[in-house]
Amino acid sequence: MKKPRNTPEGWKYLFPKFDLKMKLSLLLLFTTILQLQAGMGYAQKTKITLNMSKVSVLDVINEIESVSEFKFFYSKGELDLKRKVDIQVKEERIQSILKALFSKTKINYKVLDKQVVLKVDKTLGDLLKPSTQGNVKSQVEQFQVSGTITDSDGMPLPGASIVEKGTSNGTQTDFDGNFYITLKDQNANLVVSYLGFSTKEVSIAGQSQLNIILEESAAGLDEVVVVGYGTQKRANVTGAVSQIGQEVFEDRATADIATSLQGALPNLNINIYDGSPNATPDFNIRGFESLNGGSPLILVDGIPYETLNDFSPADIASVTVLKDAASAAIYGARGAFGVILVTTKNGRLDTPTKIKFSHNTTFSDMIITPDPLNSVESANAANLARTNNGQSALYNDEHIQYMQDYIDDPINNPSYYLLPNGNYQTAGNADIYKEAYADFAVRNTTNLSLSGGGSKSTYYGSLSYVDDEGQWRVNPDEKKRYNTLFKYTFDVNDWLTAGFRAGYNKTSYDEPHAYGIGTYWHALDRSKPWQLVETPEGFPQGAGLPMNHTLAYQRFGGRTITETQETNLSADFAIKPFKGMVINANYSHQNLAAQLENNRQQIEFVTDNTPETVNYLTSANDYIQRRSRITTQDVVDIYATYDFDINQKHNFKILAGYNQTSSEFLEIEAIGFGLIKDDILSVENITGEDFVGDSNTFKAIRGGFGRFNYNFDEKYFLEVNARYDGSDVFPKDNRFGFFPSASVGWVVSKESFFNSIPLVSNLKFRASYGSLGNQDVPADDFRPLLTTRNGTLNYLIDGVEPLNILPASIVSNTLTWETATTTNFGVDLGMFKNKFNMSLDIYKRVTSDMIVAGEALPAPLGTSAPRTNGATLETNGFELEFGWRQKLRNGLTYGIKGYLSDSKSEITDYDLNPSGRLPNLNNNNFLYEGQILGEIWGYETVGIFQSQEEIDAAPDHSTLNANAGDDPGILIIGI
């Protein structure tokens with residue numbers, strides 16, 4: 001049954017058509033607007049409702065924080081947080097609520113965007129009063145320090161945190177950036193931090209008055225970056241690493257992670273090849289990988305996944321991309337072409353429960369569609385092409401005239417006409433793209449999350465639902481996705497922390513059956529505008545019957561329904577036996593169940609030229625296919641990290657660990673031909689043949705890994721990584737490989753001689769080198785497998801039809817790892833107090849020992865040559881990331897970011913084509929040494945043969961055209 005979409009005519013006026021220049025201008029305008037982030041206005045536009053009786057002030061503060069984005073800053077020792085209050089307000093601003101809470105107290109308050117600073121107005125008498133009932137002498141012996149904290153422009157920073165290092169003793173600055181703190185040691189160090197600024201450690205050294213200036217951290221040097229099996233400060237990273245936070249996903253109205261990541265990270269190339277809601281994105285890092293393919297390793301909370309399609313962007317806290325061998329070597333064979341680390345959100349200690357709900361409805365339209373020819377233009381073009389090729393025209397003048405009449409007056413002229421013999425011809429004029437695609441597609445996304453934590457535990461839970469319609473006008477495809485995630489951590493004691501993670505993702509996709517025509521949009525491009533999808537009013541057989549048209553398959557045919565359900569359970573433990581040492585153990589189990597129901601349904605349709613006959617489109621080739629796939633995966637990670645320093649100058653971090661990943665795949669499939677009834681989709685409901693098959697595979701990898709980090713005074717850096725991996729896709733004797741890497745860094749801006757360059761606030765040089773094995777190759781290349789063919793032979797042996805089994809092919813006993821070796825040079829630059837920042841990386845990746853077909857063996861052998869390690873690929877490229885971020889005096893923050901990257905891949909070694917023969921019409925996959933992947937070759941004409949003598953003297957053109965050289969008048973191709 002056809003299901004027309006709701007596409008009201010009025011939407012055309014809400015979404016007007018623009019030319020390309022206007023579209024680009026609007027895109028740049030919207031991009032600029034979206035980059036502007038107002039630092040003021042939240043307090044004015046946010047209204048809060050409270051209905052609380054006989055509760056403490058602290059309860060009210062916690063409630064405000066849980067229902068809004070306000071954060072309170074105060075010193076616990078100064079405020080009476082246990083005071084009981086009653087407060088009932090409805091849709092009031094924060095200023096009114098604070099006034100009701102503190103109007104008759106000594107507590108002063110100030111609202112700065114989303115920050116609320118509370119401070120007690122102290123009189124002289126208050127300062128002389130002891131804060132506890134102890135003796136006053138102990139108070140006098142303590143050391144008192146006061147001061148002011150400002151930014152580099154002298155603007156005070158209210159709410160800045162000041163903590164005595166190594167203790168829980170701390171305070172915050174007041175409205176004017178002033179602070180007062182009592183210390184136990186006059187030689188203590190203060191750790192000063194403020195959101196958006198670099199954390200600073202200040203030595204007291206007996207001083208009682210301090211003026212502290214914090215530098216903006218626009219370049220994110222203090223940002224914690226997720227790396228393999230740990231984290232590092234961005235300032236300490238020496239490899240090629242890029243990271244984004246949750247704000248990227250919160251600011252983009254997309255339903256999937258891949259779309260959110262497009263353009264968000266340099267040289268992370270994401271291709272989505274069609275507009276289907278279920279399109280599988282292709283992830284690539286730094287260009288072409290290998291002749292055998294390859295892709296980045298994707299880890300979500302440390303668990304390997306093939307795709308990010310089935311996750312909710314609302315759950316993502318950060319995404320890190322490890323791009324060079326130095327940063328990815330810790331993952332060994334799986335990270336040869338980069339690693340994508342996805343970290344989901346967690347709860348926070350000592351944080352009240354926060355519930356977040358969001359819903360968005362998105363309307364999408366096709367940006368560009370071809371401008372099709374009308375019926376007459378298309379018919380004339382087809383006739384001209386045939387005439388130029390020496391053939392007769394397909395469409396006569398009468399047919400073309402009927403098309404023209406319908407174009408001129410479609411109301412009074414029919415879209416078909418009858419021939420004298422009783423047959424008919426269609427003569428319509430359809431804009432096939434308007435006929436096929438709706439004015440817009442609708443996507444609804446709903447997210448609900450709950451997070452928080454107590455003094456020893458944290459929790460995070462979420463639910464997500466997406467309903468995404470495709471672009472078809474009638475019977476659209478539709479994708480539905482359900483996501484749940486729950487995470488819980490608990491400090492069992494001072495040295496043991498336990499964590500648990502449970503996730504469930506379900507995706508269903510309902511689409512038209514393909515009917516062997518490939519992609520529908522491609523088939524539409526080949527359709528003719530005068531053809532009809534359905535019989536019109538007045539047609540001899542009646543109106544609304546399907547005709548032989550691409551859209552008839554889509555509107556009247558069967559459906560293909562896929563459903564996947566993924567469950568993941570994991571547990572992890574962190575043991576801290578002594579200072580600096582952490583031992584982590586993690587186990588995860590994943591179960592992925594995929595179901596397919598594929599129905600190729602018979603369609604009754606009216607064929608051209610036979611108005612009195614109804615024919616079957618697919619005859620007896622209708623079928624029902626059911627397939628069930630189950631994949632299980634178990635991952636074990638055990639690793640220990642020891643972090644220590646010597647004299648606070650020499651900083652060390654040592655990591656060692658073990659990883660094992662195993663997976664099993666099971667598939668069962670059944671197909672039945674000749675359905676008795678189209679509405680009973682069962683393999684039992686057939687009259688034809690049926691086929692049943694299954695498949696079962698197992699894959700495992702095991703390895704040990706280590707990392708050594710050293711830096712001197714966070715100025716000179718050294719990092720060494722290594723992994724020893726074994727994979728069962730290779731023969732037993734060549735199964736293990738050792739893959740090392742190293743990187744160094746030098747922060748030039750911390751040198752004393754660099755102080756004379758005030759414009760440059762950060763300058764770091766990086767270099768890395770390393771190799772990784774690639775196990776993403778065919779798993780059975782080294783196994784001599786027998787091959788069976790369907791059915792039996794067509795003759796008898798001893799009165800029995802024997803099974804058809806082919807002998808095993810020859811295999812190589814020396815087949816081993818492909819190896820990707822990467823050299824990377826990088827520079828990080830921050831200028832104008834880190835308002836401007838830039839990173840440039842130049843790299844070369846050599847993929848050697850690529851597995852290719854072996855040299856051809858003599859034909860009498862009766863089998864193909866074994867595959868062998870026989871080719872080398874070199875990729876050279878660069879990536880540039882730059883940005884400007886600034887906070888103005890009025891509180892407005894704005895930022896601009898840009899990326900530029902490019903790469904080129906060349907085959908530098910290939911022994912099977914020593915002559916360097918180019919691809920031709922008969923073999924367009926031919927490889928040769930020096931080939932640039934993606935290159936396009938074409939032939940140039942140098943004239944026309946004038947005589948048979950010229951043809952006889954010319955080079956052989958037969959590989960270009962089977963008829964080349966037969967007659968004078970043929971083009972001469974330049975060789």
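Is Lys649 buried or exposed, or partly exposed? I find Lys649 partly exposed, with a relative accessible area of 36% (buried is under 20%, exposed over 50%, partly exposed in between, with a 1.4 Å probe and protein chains only).

Basis. I am working on a predicted model, where local features need pLDDT of at least 70, side-chain atom pairs count only at pLDDT 80 or more, and totals for chains, interfaces and linings use all residues. I number residues from 1 along each chain as its sequence is written, and side-chain values use heavy atoms, with hydrogens and water left out.

Salt bridges. I searched the whole structure and got 23 salt bridges (a side-chain nitrogen of Lys or Arg within 4 Å of a carboxyl oxygen of Asp or Glu). I looked up Glu597 and Arg626 and found their side chains joined in a salt bridge, 3.0 Å from N to O. Glu597 is in strand β31 (residues 581–600) and Arg626 in strand β34 (residues 623–646), so this pair ties together parts 29 residues apart in sequence. Strands here are DSSP runs (E, at least two residues), numbered from the N terminus.

I then took Asp713, which forms a salt bridge with Lys649, the closest N and O atoms being 3.2 Å apart. That pair links distant parts of the chain, 64 residues apart: Asp713 sits in the loop between β36 (690–712) and β37 (716–727), Lys649 in the loop between β34 and β35 (650–673). Asp713 is partly exposed, at 27% relative accessible area.

Next I checked Lys750, whose salt bridge with Glu714 has its closest N and O atoms 3.7 Å apart. Lys750 lies in the loop between β38 (736–747) and β39 (760–774), Glu714 in the loop between β36 and β37, so the pair ties together parts 36 residues apart in sequence. I list Lys750 as partly exposed at 42% and Glu714 as partly exposed at 25%. Salt bridges with shared partners also join Lys764, Arg766, Asp828 and Asp841 into one network.

Thr173. I placed Thr173 in the loop between β9 (170–172) and β10 (178–183). Thr173 is buried, at 1% relative accessible area. A polar atom of the Thr173 side chain lies 2.6 Å from the backbone oxygen of Leu157, and a polar atom of that side chain lies 2.9 Å from the backbone nitrogen of Ala160.

Phe486. I located Phe486 in strand β28 and found Phe486 partly exposed, at 39% relative accessibility.

Conventions. Helices (H or I, at least four residues) and strands (E, at least two) are DSSP runs, numbered from the N terminus. A polar contact is a pair of N or O atoms within 3.5 Å; within protein, one must be able to donate a hydrogen and the other to accept it, and residues adjacent in sequence count only if both atoms are side-chain atoms.
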